[in-house]
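My entries follow in the order I made them.

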Amino acid sequence: RLFAVRRAIPVTQQAGQLYRQIRRALAWAGLRAGPSVTPDEFLQGQGGRVAPYSLLIKALRQATALYQQAAYSDHPPETGRVKSAAELWRQAFGQWLKLWFKNRRGGA
């Protein structure tokens, strides 16, 4: 389920789920990182390859910030922000598909 964020789970888990969905999709598109790579390191290391895709980089940045807030802050992200980030991720699908196709053809 590429775009699913389950609403019956706590918002902190929704944020984590969204972040993992985006990272998994980017891995399918050829942007992988080892398990020890932090969210910030991934964003810095792969962000340049995603930057030409404005919606996609914005979705990755938002999901990263929400994930970090959910994981490391005493204040969970607002439900509306997680829903907005999930909607942005849905809107970025066409750009993700272009990135996936470009990397599959060897044009990365």
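**Entry 1: Gly 45.** I began with Gly 45, which counts as exposed because its relative accessibility is 53%, and the cut-off for exposed is over 50%. The model is a predicted one. I placed Gly 45 in helix α2. I then took a distance from Gly 45 to Ala 92: the two are 47 residues apart along the chain, and their C-alpha atoms are separated by 20 Å.

**Entry 2: α2 and α3.** Next I looked up how helix α2, residues 39-50, packs with α3. I read an angle of about 175° and a distance of 10 Å between the axes. Angles over 145 degrees count as roughly antiparallel, so α2 and α3 are roughly antiparallel to each other. On the α2 side I listed Pro 39, Asp 40, Phe 42, Leu 43, Gly 47 and Val 50. On the α3 side I listed Leu 56, Ile 57, Leu 60, Arg 61, Thr 64, Tyr 67 and Gln 68. Sorting the residues of this contact by class gave me eight nonpolar, three polar and two charged.

**Entry 3: Thr 64.** Is Thr 64, one of the α3 residues in that contact, buried or exposed? I found Thr 64 buried, with a relative accessible area of 2%. Thr 64 belongs to helix α3, which spans residues 54-72. Leaving out residues up to four places away in sequence, I found that Thr 64 touches Tyr 19, Pro 39, Asp 40 and Leu 43. Pro 39, Asp 40 and Leu 43 are among the α2 residues that make the contact with α3.

**Entry 4: Ser 73.** I moved on to the loop between α3 and α4, where Ser 73 is located. Ser 73 counts as partly exposed, at 31% relative accessibility. From Ser 73 to Leu 26 I noted 47 residues in sequence and 26 Å in space, C-alpha to C-alpha.

**Entry 5: α1 and α4.** How do the axes of helix α1 and helix α4 cross? I found that they come within 10 Å and cross at roughly 20°. Angles under 35 degrees count as roughly parallel, and α1 and α4 are therefore roughly parallel to each other. I recorded the crossing as left-handed. From α1, residues 11-28, the contact takes in Val 11, Gln 14, Ala 15, Leu 18, Gln 21, Ile 22 and Ala 25. From α4, residues 79-91, these meet Thr 79, Val 82, Ala 85, Ala 86 and Trp 89.

**Entry 6: α1 and α5.** I checked α1 against helix α5, residues 93-104, and found an angle of about 30° with the axes 9 Å apart. That makes α1 roughly parallel to α5. Ala 25, Leu 26 and Trp 28 of α1 make the contact with Trp 96, Leu 99, Trp 100 and Arg 104 of α5. This contact has six nonpolar, no polar and one charged residues.

**Entry 7: salt bridge.** How many salt bridges does the count come to? I got one. The side chains of Glu 87 and Arg 90 form it, at 3.1 Å from N to O. Both residues lie in helix α4, three residues apart, about one turn of the helix. Glu 87 counts as partly exposed, at 36% relative accessibility, and Arg 90 also counts as partly exposed, at 32%.

How values were computed:
Residues are numbered from 1 along each chain as its sequence is written. This is a predicted model: local features need pLDDT of at least 70, side-chain atom pairs count only at pLDDT 80 or more; totals for chains, interfaces and linings use all residues. Side-chain values use heavy atoms; hydrogens and water are left out. Axes are lines fitted to C-alpha atoms, for helices over the stretch in contact, and angles run from 0 to 180 degrees between N-to-C directions. Helices (H or I, at least four residues) and strands (E, at least two) are DSSP runs, numbered from the N terminus. Angles under 35 degrees count as roughly parallel, over 145 as roughly antiparallel, 65 to 115 as roughly perpendicular and the rest as oblique. A crossing is left-handed if the near helix is turned anticlockwise from the far one by less than a right angle, and right-handed if clockwise. Contact means heavy atoms within 4.5 Å. A salt bridge is a side-chain nitrogen of Lys or Arg within 4 Å of a carboxyl oxygen of Asp or Glu. Buried means under 20% relative accessible area, exposed over 50%, partly exposed in between (1.4 Å probe, protein chains only). Ala, Val, Leu, Ile, Met, Phe, Trp, Tyr, Cys and Pro count as nonpolar, Asp, Glu, Lys and Arg as charged, and the others, Gly among them, as polar.
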